[in-house]
Amino acid sequence: MKIEQIAHEVVKLIREGKNKQAKDTFYADDIVSIEGNGDKLAGIEAIHQKSTDWAAQVSEVHSASVSDPLIAADHFALNIKMDISYKNGYRGVMDEIAVYEVKDGKIVFEQFFFKS
């Protein structure tokens, strides 16, 4: 599958709220992920746990959007925005750029850029 197809399918799944399916389908088992604060994780199970831990902190997602992909060579980028209320009472807008690297039909690297 070409990177254009992967990028557009990932966006489609995210927009449908099927983030786990996107990861199960397109992430490599040994994916590396770097958060905006520099935290680094390796492996699909660690990525799934990160998602579970984050979701446990959220009380409500008021709105969410993801841009169409910007594709160059073996990378694509998305702008992801979410208006979120957390269980601790904080409400904020997450506005980030997510950059993905694709190799042999799988996402092998992701990095998030945002201002906290």
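**Reading contacts in a predicted model**

In this predicted model, the side chains of Ser33 and Glu110 make a polar contact of 2.8 Å.

Reader: Where is Ser33 found, and is Ser33 buried or exposed?

Author: Ser33 belongs to strand β1, which spans residues 27–34. Its relative accessible area is 1%, and a residue counts as buried under 20%, so Ser33 is buried.

Reader: Which residues does Ser33 touch, leaving aside those up to four places away in sequence?

Author: Ser33 touches Asp39, Lys40, Leu41, Ile47, Lys50, Glu110 and Phe112. One of these, Ile47, also takes part in a helix contact.

Reader: Which residues of α2 and α3 meet?

Author: From α2 come Lys20, Lys23 and Asp24; from α3 come Ile44, Ile47, His48 and Ser51. By class, this contact comprises 3 charged, 2 polar and 2 nonpolar residues.

Reader: How many aromatic pairs does a search of the whole structure find, and how is such a pair described?

Author: The distance of the centres and the angle of the planes describe a pair of aromatic rings. The search finds 2 aromatic pairs. In one of them, Phe76 and Tyr100 are stacked, at 4.8 Å centre to centre and with 20° between the planes. This pair links distant parts of the chain, since Phe76 lies in strand β5 (residues 75–86) and Tyr100 in strand β6 (residues 91–103), 24 residues apart. Both Phe76 and Tyr100 are buried.

Definitions and conventions:
Residues are numbered from 1 along each chain as its sequence is written. This is a predicted model: local features need pLDDT of at least 70, side-chain atom pairs count only at pLDDT 80 or more; totals for chains, interfaces and linings use all residues. Side-chain values use heavy atoms; hydrogens and water are left out. Contact means heavy atoms within 4.5 Å. Helices (H or I, at least four residues) and strands (E, at least two) are DSSP runs, numbered from the N terminus. Ala, Val, Leu, Ile, Met, Phe, Trp, Tyr, Cys and Pro count as nonpolar, Asp, Glu, Lys and Arg as charged, and the others, Gly among them, as polar. Rings of Phe, Tyr and Trp (its six-membered ring) pair if their centres lie within 6.5 Å; planes under 30 degrees apart count as stacked, over 60 as edge-to-face and the rest as tilted. Buried means under 20% relative accessible area, exposed over 50%, partly exposed in between (1.4 Å probe, protein chains only). A polar contact is a pair of N or O atoms within 3.5 Å; within protein, one must be able to donate a hydrogen and the other to accept it, and residues adjacent in sequence count only if both atoms are side-chain atoms.
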